[in-house]
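Please open the structure in a viewer and keep the sequence beside it.

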Amino acid sequence: MQNQTMLDPTSELSPVERQLNPRLESLAGSTVGLLDISKPRGKEFLDEVASQLQELGAKVKRYSKPTFARVAPLELNQLISNECDAVIEGLAD
Amino acid sequence: MNSTSSQSYALVVKKACPTCELIEPVIAQLFNQLQLEVYVQDDPAFPACIENKIDDRSLEFSYHNDIEIVPTLIRTQPDSTEPTGAERVVGWNREEWEKFTGIESLGSNIDPFKPGCGSLTLEPGMPEILAARFKADTLKSRRVDLAGAEDIMEACYERGWSDGLPVVPPTPVRVMRMLAGTDRSPTEIIGKVPPDYVECSVEKVAINAVMAGCKPEYLPTVLAVVEAALQDAFCMHGLLCTTYFSSPVVIVNGPVTRHIDMNSGINALGQGNRANATIGRALQLIVRNVGGGKPGGIDRATLGNPGKYTFCFSEDESDPQWPSLAMDRGYQRGDSVVSLFAGDGVQPVLDQLSRTPESLARSFAASLRSVAHVKKFGMADAILVVCPEHRRVLKEGGWTKEKLKQALFDELMTPGTELMPGVDGIAEGMPEKFKDKLLNKFRDDGLHIVTAGGTAGMFSAIISGWVASGDKGSQMVSQVVK
Amino acid sequence: MDLESRGLPSGFVASTEFIQAAESQAATLGLKPASVFVQHPIQDRTNDEMKELAQTAIEDIVAMIVSNPQE
C-alpha cells in the first residue's frame, strides 16, 4: 500500500488521529441498536446485553446481518442509523 | 587514488546524456588521479569504467548542490564533501577541465568540447517534487499520514475538512507548488481567524487554497481575501455566529482579474470559472478549518445560502466611464483590489421596458425596498449589480453611476409613518421613535453599485446584506492584492 | 465502521481470538473502534455461561458507547 501524506489544513487544536464520534451522554432515553453478526451463541449473549441495557434505562432494538461472512447490507446500516442513537455489534469469534 | 593536492571533487552525471557517455575515459582518468566522488542521477551502473559511484537517483545531492547541467564537476572543500560556492565547471571542455583540475591531457582521444544535458532535477514538475522531498522541514503544518486502506479523497471528508463538496487532497507537493505562487514567506502570519482566533500562516492559506482547487497564481488574491476578512470593520466573528443568511461575498477589481482569467461576463455570479469558484471557496475552507467555524457549531444560520460554498466574481471594467467598485472606494483603475461584503443570495431585478434612466432607477429602488424587509430601513446594506444592458439604458439617457446613486437615494427616502409596525397590516416595522423622521433605506455608504454580467438580458441583481450593517456590524472592506 | 461513519457512537464485542485481527484492521483503517473482548472459547458455551459472560462484560460494553458512564 502506498504511503499517503497530507498537510493538516486545520488550526491543529485537535489530535491528528481520526477521532471516533462523541459518545452518548447517558443511556437513559437513548435507543441502542444491537447488531447480531450471526455467529453461534451471539444471540444468547446479546439477549442478556439487551436486558441489562433496558434495566439501565435504554430502549433496545435488535438487528441481525443476513450472513456472517459479508458486511452488513447498506439498507440495514441505513435503518440502524435512522432508528438508533448508538450501536453495538457482536459477537465475533 | 593519489591526489596532487588535498582538493576533493564531485562529479554529477547521468547515463542518458551523450556528453557524459563521451567523457567516460576522462572520468576514469580523474578517478585515478583525484579524490573524486561520482554521483549518477539515473543508472547506478554508469559509468562502467569505475567501480565506486554514488547512486543519486533520489537526486538529493543534485538538488542540494543546484545541479542544472550534467556533467558538472565541482571542487569541494578540502577534507569535506561540502562544495564551495562557484567552483565548478559544467559541460565538457577539455581546456577548462584541465585548468580546473590541474591535470593535463584529459580525454586526448575524444572531442575537446561538447555541451552538457539538462539535469534530472530540472525536469518538468521536479522542482516542486524535490522541494517537497528535501525541504519538508520548511512546511510547518502537522503531517496527516493515511492508513494503508484509506482513500485519500474520503480521508478529507472523514476528517471534517470538506464543505460538502470534494476537496483536493493537500499533499506536500501540491502545497509546495501552491506556495510558489507567492513571494511571501510560508511562515508569515496573516492574522487570527475567528471563531477560534488561531494564527493563520501563509502556509495554512496555501493548504486550504489547494483543497479549494486554486491554482498557485490565485494565491496572492486568496491572501488578500483572507486579510480583508480579518479586518475589524468586516466583523467576521459576528458574521459567523449569526442566524442570518449572510457570508462573505468577494468582488475583485483590477489587472489581476485578467491575469488569472476571472469571469465578469456571462453567468458571472454562477458556476464554471475556476478562479471565481475556488477563490471564494478558499476563504470558506479557511474559516472552517483554521478558524473552526462550522455549521451546527458556531454557525447556526437558520437557512444560510448557496453562496456559502463560494461567492466570488470580478467586475466588468470594460467601460472606462464607469468607475469600478475599487475606484468608488478610493483606489486607482490600475490597482488590483479585493472587496468583501457580508451578503446573501441573488435577488433578480427584471426590467425589460424602461427606456429612460428615470424609470429604470425607480425599478431598482422598488426592488431595493425589499432588502431584509420592506419596512426595515437603515438595517441591511446591499449591492446593486447593474447588468450591461441596463448600463446601456443609463448611458443612453446621459446618466453617470453617481447620478444613479443619487436618484436611488432620493427615491428611497421614506417617511417613518409608513414604516411603523402595523402599517399595511404587517407587524414588522421601525421603532416608534422614527415615526416623525424621513428615513433612507440604506445608511450612508450602505448601498454599493457594481456592474457585471453578459451583454444579453435586461436583468440586474441585488445582493442583500447582513442585517447588522455599519459600525455595529459588518461593513464592506477592501484589500490590495500584493 | 460504516455505522461510525454515519455518526453513531458504536462499538463491537468479540472474543479474545480477535484481538490481533482488530489491531491490524485498526492500523489499516486509520481508526481504532471501541471494542470489548470476552474470553474465548464461545461456540460451545451453554446458555447460562453466555448469560454470565454478558453480565461480566456489560460495564465495559456500556463504557464503549457512553462517555463518563455512571455506576
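**The interface of chain A and chain C**

Select chains A and C: across their interface there are 20 residue pairs in polar contact, both residues being at pLDDT 80 or more. A polar contact is a pair of N or O atoms within 3.5 Å; within protein, one must be able to donate a hydrogen and the other to accept it, and residues adjacent in sequence count only if both atoms are side-chain atoms. This is a predicted model, in which local features need pLDDT of at least 70 and side-chain atom pairs count only at pLDDT 80 or more, while totals for chains, interfaces and linings use all residues. Residues are numbered from 1 along each chain as its sequence is written, chains are lettered from A and ligands numbered from 1 in the order in which they are written, and side-chain values use heavy atoms, with hydrogens and water left out.

Next, colour the residues of chain A that touch chain C. In total, 37 residues of chain A and 42 residues of chain C take part in the contact (heavy atoms within 4.5 Å). The two chains bury about 3,500 Å² between them, 64% of it on carbon and sulfur atoms; buried area is the accessible area (1.4 Å probe) that two parts lose on being put together, summed over both. Now select R23(A), R41(A) and D93(A), which supply 20% of the area that chain A buries against chain C, more than any other three residues.

The interface has 1 salt bridge, defined as a side-chain nitrogen of Lys or Arg within 4 Å of a carboxyl oxygen of Asp or Glu.

Which strands form the open sheet, and in what order? Select the 5 strands in the order β3(A)-β2(A)-β4(A)-β1(C)-β2(C), whose pairing is parallel. The edge strands, each pairing on one side only, are β3 (59–64) of chain A and β2 (34–38) of chain C. From one strand to the next, the twist averages 20°. Strands (E, at least two residues) and helices (H or I, at least four) are DSSP runs, numbered from the N terminus, and two strands pair if DSSP finds at least two bridges between them.

Move to β4(A) and strand β1 (residues 10–15) of chain C, which run parallel and are joined by 4 bridges. Here A92(A) has A14(C) as its bridge partner. Within chain A, 6 bridges pair β2(A) with β3(A) in the parallel sense; L34(A) has its bridge partner in R62(A).

Then display α1(A), which lies across β2, β3 and β4 of chain A together with β1 and β2 of chain C and runs at about 175° to β2(A). Helix α3 (residues 47–65) of chain C also packs on the sheet, its direction making about 160° with that of β2(C). Axes are lines fitted to C-alpha atoms, for helices over the stretch in contact, and angles run from 0 to 180 degrees between N-to-C directions.

**Chain B against chain C**

Finally, select chains B and C, where 5 residues of chain B are in contact with 5 residues of chain C. About 300 Å² is buried between them. The interface has 0 salt bridges.
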